[in-house]
Amino acid sequence: MAPPVHRQRPVRTLVTLAVIVVAIFGTILAGVQWGSASFSPKLALDLEGGTQIILTPVATDDSSAITDDTIAQAIEVIRQRVDASGVSEAEITSQSGHKIVVSLPGKPSDSTLELVRKSAQMEFRPVLDVAVGTPTSAATATATPTDGATASDGSTAAATPEATASSATSGGNSMTEGTTSGTATDTATATPTPTPTASGSATEPSSPSDTAYYVTTEIQAQFDALDCSDEANLTGGTVGPTDSAFVACDESGTYKYILGPVEVEGSNISSASSGLETTASGQTGTSWVVNLEFNSTGKEQFAATSTRLYSQTSPLNQFAIVLDGLVISAPSIDEPIANGQAQISGSFTRESAATLAQQLNFGSLPISFTVESEQQISATLGSEQLQKGLLAGLIGLVLVVLYSLAQYRLLGLLTVGSLLVAAVLAYGTITLLSWTQGYRLSLSGVAGLIVAIGITADSFIVYFERVRDELRDGRTLTLAVDHGWDRAKRTILASDAVNFLAAVVLYAIAVGGVRGFAFTLGLTTVIDLIVVFMFTHPMMLLIARTKFFGEGHPLSGFDPARLGVAGARYVGRGRVARAPRTGGPDETPDQPENEPTGTSLAPGEPTMTIAERRAAAKAAAAPQPVADDSEGSDH
């Protein structure tokens, strides 16, 4: 029984690939016409140059505040600002003397440069209102969630119906944190809030939580219009006035807040740490918590704040920890905290608790920066190095093409066409990512593209050689393509999977330019699979149906003489058969009537390796020994 025939539709596959290519470049064209896209990818700092700013730290209290830890935290804050502003491939490093060097590729906007120049500050402010981080109407502006659960992560604390809470104590003083177990929704009920007026309802506020005084018409309008899903509102660097209300997003962009005046400065934090909770019996629990301790000034300030907030209803019983203009946590008060030691608990993970503790420690050692220098820098590698790199890639491409034409004759043109399709897809994808994701191509990324030439050509060679092996075993070209593809695609998938895994691991653990190499290596590996499956194989199916390739023309790459199928062929059980002397593999062989033809294999007949075929051919060509009967004759 013959094996089932795979239904091949090469034309449909090629049309699908064409649609993908048109979609990519059509999107880029639309971006050029109506957006900020261009037909070429943006270049990184090493190829284009940019702006370099050197920041010198200045301690607000004493020089001991400037440590490696505070510099590392400052670099993370600056990196978050730059990344959120849409600038990629920026280099932010520290130098001797605790200086920070920020190098931005291209021509960064004035707003991005201003974000780099500003110093980060931490503040504790009372929460006056909270809502989901999308623009709201006046009718729902004062809405708060139904769940009064408290949380350290204020964005999930009072604004999520699915929020849950737990509490832990540290010396009788506690704050609690809640997390979402599902998707946040806007289900809410109105919280009684005094109607704001243009100038406030009184000449003096009764407390920092006086909504009638601080929530003016102007503040309410800012709160209603604030869209925390807009990346521009998550860059940080905007520090509100210390003595009035302030509108801010949480760092995830999920929720927005109206905050009161500053009650405790971050510089008044003595220390912060994370760890597992300690239960009432003195045992170590299973929940992660953040332990916070204030200095003498902060102890007095926070005692007054926690006492007042404890008597309030949600969300007025929360205070927001604001770092760099974004709310990083907004726990509620379980009870007054008079000794300056607090514990924030809830559904923390080990990583989230450690992150919050690091941020709080950064607030305990505040530093500001002065701009030592700001200058334009040229490309560190320059256009000459880029040209040499591209020249090296071009030489490699030419050598691959020449080898393909020498080894596979006109079949090598399929290799050329496949490489061109891969190049078009890679260029279009990188250009699209450059516009939509801010990706910038560095010289290391160009190196990854050059390496991809060999990876892509290797896939074609594996496929072609599998097909030629099937022809040596006597199959027709159409059957050889079908069987060869079934064997080759497993090898190609395994090889590309290893390359892609290596690129992912390299991208995850590397920094700087190495990540650019890993990114393009992984991208081109995926493109290689697309090209082989959607272009090379369908084209091979089409050309196998032509007379030129199907009959094994000497220039087709499937010439029987070159493939070694014109001589003897081992067919098993000690038998040797002659393959066709002329013509293609479909022609009838010239051999004795009872000798196996050797021109085709029965379904399921095992094939031989190249070594086995060579051994069989050598054995068939060797002269057969003649029997000597002289020893048994009578004299």
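By about how many helical turns are Lys489 and Asp486 separated in helix H13? Lys489 and Asp486 lie three residues apart in helix H13 (residues 477-509), so they are separated by about one helical turn. The model is a predicted one, in which local features need pLDDT of at least 70 and side-chain atom pairs count only at pLDDT 80 or more, while totals for chains, interfaces and linings use all residues. Residues are numbered from 1 along each chain as its sequence is written, and side-chain values use heavy atoms, with hydrogens and water left out.

Side chains of opposite charge can pair when their charged atoms come close. With a salt bridge taken as a side-chain nitrogen of Lys or Arg within 4 Å of a carboxyl oxygen of Asp or Glu, the count comes to eight. In one of them, Lys489 is joined to Asp486, with the closest N and O atoms 4.0 Å apart. Lys489, at a relative accessible area of 28%, is partly exposed, and Asp486 is partly exposed at 22%, where buried means under 20% relative accessible area, exposed over 50% and partly exposed in between (1.4 Å probe, protein chains only). Salt bridges that share partners also join Glu470, Arg475 and Arg487 into one network.

A further salt bridge links the side chains of Glu372 and Lys99, at 2.9 Å from N to O. Because Glu372 belongs to strand E19 (residues 367-377) and Lys99 to strand E4 (residues 99-105), this pair ties together parts that are 273 residues apart in sequence; helices (H or I, at least four residues) and strands (E, at least two) are DSSP runs, numbered from the N terminus. Arg125 and Glu123, by contrast, are both buried, and their salt bridge has its closest N and O atoms 3.0 Å apart.
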